Amino acid sequence: MVVSILSLSSHAFEDEFAGREQLRESSSEFRKEIIKITDGVFAAVGYSASNVTLIQGYKGSIIVDTSANPVDAEAIVDAFGDRLVRPVRAIIYTHNHPDHSGGAKVFVGTDKPEIYSHQTLVESGPEFGRGPRDGGDAFGTKLPDNLFINAGTQLEYGRVTPHTREGYLPPTRTFSGDSETIEVAGVRMQLIHTPGESPENTAIWIADKGVLIPGDDFLKSYPNLSPIRGLKLRPRRSGSPASTGCSP
């Protein structure tokens, strides 16, 4: 019996060690970089809890999702540099979660873009995420520095700069139903209602460029169906993909 207990303890320690190493290795996925998806489409990765996509149009730009807060948004604007041509003609929210909608004011600046979303976002209102729940912490926000590696799905979740609604701006144009085709700054896009992680999730399909921006319906990890941090259930349609990012 003692041997069995020691064996189980040994396996548990090995699993814990392997988990830490996997977490360390995953940190490289969150390195800050601007990725060129195709001509005129760029993704800012690693600067915030979610990616921000820049679509270049005729004499202006389109931004899809706006990062978690104004601090992250400022860093992304700087990183885009002259790729981001003013004015910003449109902002599109894939969904309402704070990490996708918290930096809109920075991207708007003094411009006057339309802000697009599905009507469901307006009807349901913005969702406020909770990292801690009942003394737990899904993202390691409260861990001491010597134990923290990363937040699992991102480098840090509110550990340095909290997610806020200070940079959020409400949509000015919404659509209902399954889809709507719009043209902004000479770029023709189809907004497709794809409920999944959130009821209002909207994917953006740019047929001329062969680019799909799916929001959080396209995950690398197993879909977050029942967030342990206390948010609403996130039902998914059968056959939802399980990878992440902008797809050319």
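Buried means under 20% relative accessible area, exposed over 50%, and partly exposed in between (1.4 Å probe, protein chains only). The model is predicted, so local features need pLDDT of at least 70 and side-chain atom pairs count only at pLDDT 80 or more, while totals for chains, interfaces and linings use all residues. Residues are numbered from 1 along each chain as its sequence is written, and side-chain values use heavy atoms, with hydrogens and water left out.

**Exercise 1.** Find out how Glu-21 and Arg-24 meet, and classify each by accessibility.

*Solution.* Start with the contact: their side chains form a salt bridge at 2.6 Å, N to O (a side-chain nitrogen of Lys or Arg within 4 Å of a carboxyl oxygen of Asp or Glu).

**Exercise 2.** Work out the strand order of the open sheet and identify its edges.

*Solution.* First, read the order: 7 strands run E1-E2-E3-E4-E5-E6-E9, with mixed pairing (two strands pair if DSSP finds at least two bridges between them). Then look at the ends: E1 (33–38) and E9 (173–175) each have a single partner strand, so one side of each lacks a neighbour in the sheet. Now zoom in: E4 (residues 60–64) and E5 (residues 88–92) pair in the parallel sense over 4 bridges, and Val-64 stands opposite Ile-92 in E5.

Notes. Helices (H or I, at least four residues) and strands (E, at least two) are DSSP runs, numbered from the N terminus.
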